[in-house]
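Hello,

Here is the model I promised to pass on to you. Have a look at it first, and then read my notes below.

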Amino acid sequence: MSPIERRGMMLILSSPSGAGKSTLTRELVQVEQGITLSISVTTRARRPSEIEGRHYRFITVEEFRAMQAHGDLLESAEVHGNFYGTPRRPVETELAMGRDVLFDLDWQGTRQIMDKMRQDVVAVFVLPPSMAELKTRLERRAEDSKETIARRLRNAREEIAQWGVYDYLIVNEDLDRASSSLKAILAAERMKRERLVGAEGFVAELLGAPGS
Ligand code: ADP
Ligand code: 5GP
């Protein structure tokens, strides 16, 4: 354990649908300590493999509007014809405890959070190795209708066009390599001097210690 405390950060992953960000985020929270996945609310229909409260909280449009009106959402956006949002309270609680929070957001949500808390945000964009592979992955996932897949592929170009907003790019060709890259980003960002609370005190103590 480091003798220097750290402020929690917000690690955001975005990508066109099917590039692999859910796979990467879920793996990261399983193997890394001190980081929690933010569970979004959405008005889209639950996929067969999804579990309420674990992948999303599935809510109605009326419930979504009420959360927005009460200021309960840190960010929100309409993506592929459905509404998505990040509940504010759990994020604030985790950050206050010095823990990191991981997000799977589209570029609109990323921009909203960046505008509010830029210095605490690390934004990673995940690209597919090719558009053909992106299509293959969406089809292989086999959880969306043909129309939904076609819509997501059409929207992919628009999402990819936003790559310049992000701090890091990962091309998710080989999953293990992409996963290692993500862990490397997390490890390095955790050591950023600006995040280390009380570093001055630690250094002063080091220099003042006998034998220095
Ligand atoms: P997203 O969250 O970006 O929409 P998913 O994580 O659901 O994407 O991944 C889409 C599909 O592609 C899933 O079936 C997943 O298992 C698969 N996948 C993810 N990464 C890779 C990879 N590097 N190589 C092959 N298939 C992958
Ligand atoms: P999916 O329907 O495939 O789970 O997600 C569709 C898109 O919505 C993805 O680009 C995903 O990153 C984005 N998304 C998921 N949750 C949120 C959220 O809370 N806010 C925003 N802005 N986008 C989200």
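Which residues of β9 are buried on one side, and which on the other? On one side they are Val121, Ala123, Phe125 and Leu127, and on the other Val122, Val124 and Val126, so that both faces of the strand are covered. Strands here are DSSP runs of E with at least two residues, helices are runs of H or I with at least four, and both are numbered from the N terminus. Buried means under 20% relative accessible area, exposed over 50%, and partly exposed in between, with a 1.4 Å probe and protein chains only.

Before the rest, a word on conventions. This is a predicted model, in which local features need pLDDT of at least 70 and side-chain atom pairs count only at pLDDT 80 or more, while totals for chains, interfaces and linings use all residues. Residues are numbered from 1 along each chain as its sequence is written, chains are lettered from A and ligands numbered from 1 in the order in which they are written, and side-chain values use heavy atoms, with hydrogens and water left out.

**Around β9**

Strand β9 covers residues 121-127, and seven of its seven residues are buried. It runs parallel to β2 (residues 10-14), to which five bridges join it; strands count as paired if DSSP finds at least two bridges between them. Leucine 11 has valine 122 of β9 as its bridge partner. β9 also runs parallel to β10 (residues 168-171), this time with four bridges, and there valine 126 stands opposite isoleucine 170.

Aspartate 100 is buried, with a relative accessible area of 0%. What does its side chain make a polar contact with? The partner is the side chain of arginine 190, at 2.8 Å. (A polar contact is a pair of N or O atoms within 3.5 Å; within protein, one must be able to donate a hydrogen and the other to accept it, and residues adjacent in sequence count only if both atoms are side-chain atoms.) Beyond four places in sequence, aspartate 100 is in contact (heavy atoms within 4.5 Å) with residues including Arg6, Arg7, Gly34, Leu186 and Arg190.

Valine 101 is buried as well, at 2% relative accessibility. Again leaving out residues up to four places away, it touches Met9, Met10, Leu11, Ile35, Thr36, Ser38, Val91, Glu94 and Leu95.

**The mixed sheet and its hairpin**

Four strands make an open sheet with mixed pairing, in the order β5-β4-β7-β6. The edges are β5 (57-58) and β6, each with a single partner strand, so one side of each has no neighbour in the sheet. Even so, β6 is largely enclosed by the rest of the structure, because six of its seven residues are buried. Six bridges join β6 to β7 in antiparallel fashion, with leucine 73 paired to proline 87. β4 (residues 41-42) is also antiparallel to β7, through two bridges, and valine 41 stands opposite glycine 85.

β6 and β7 form a hairpin with two residues between them. In that turn, histidine 80 has a positive phi of about 50°, and this residue is buried, with a relative accessible area of 19%. Most residues other than glycine have a negative phi. Alanine 142, in the loop between α5 and α6, also has a positive phi, near 50°. Is alanine 142 buried or exposed? At 57% relative accessibility, alanine 142 counts as exposed.

**The largest pocket**

The largest pocket holds about 920 Å³ of space. It is lined by 41 residues, with Lys21, Ser22, Arg47, Asp104 and Arg141 nearest its centre. Two or more lining residues come from each of α1 (21-31), β6 (73-79), β7 (82-87), α5 (131-141) and α6 (146-160); the largest share, five residues, is from α5. By type, the lining has 12 nonpolar, 14 polar and 15 charged residues.

For the terms: on a 1 Å grid over the protein atoms alone, a pocket is an open set of points where a 1.4 Å probe fits, with protein on both sides within 12 Å along at least five of seven lines, and lining residues have an atom within 4 Å of a point. Points are joined across faces, edges and corners, and the volume is the space filled by probe spheres set on them. Ala, Val, Leu, Ile, Met, Phe, Trp, Tyr, Cys and Pro count as nonpolar, Asp, Glu, Lys and Arg as charged, and the others, Gly among them, as polar.

Best wishes
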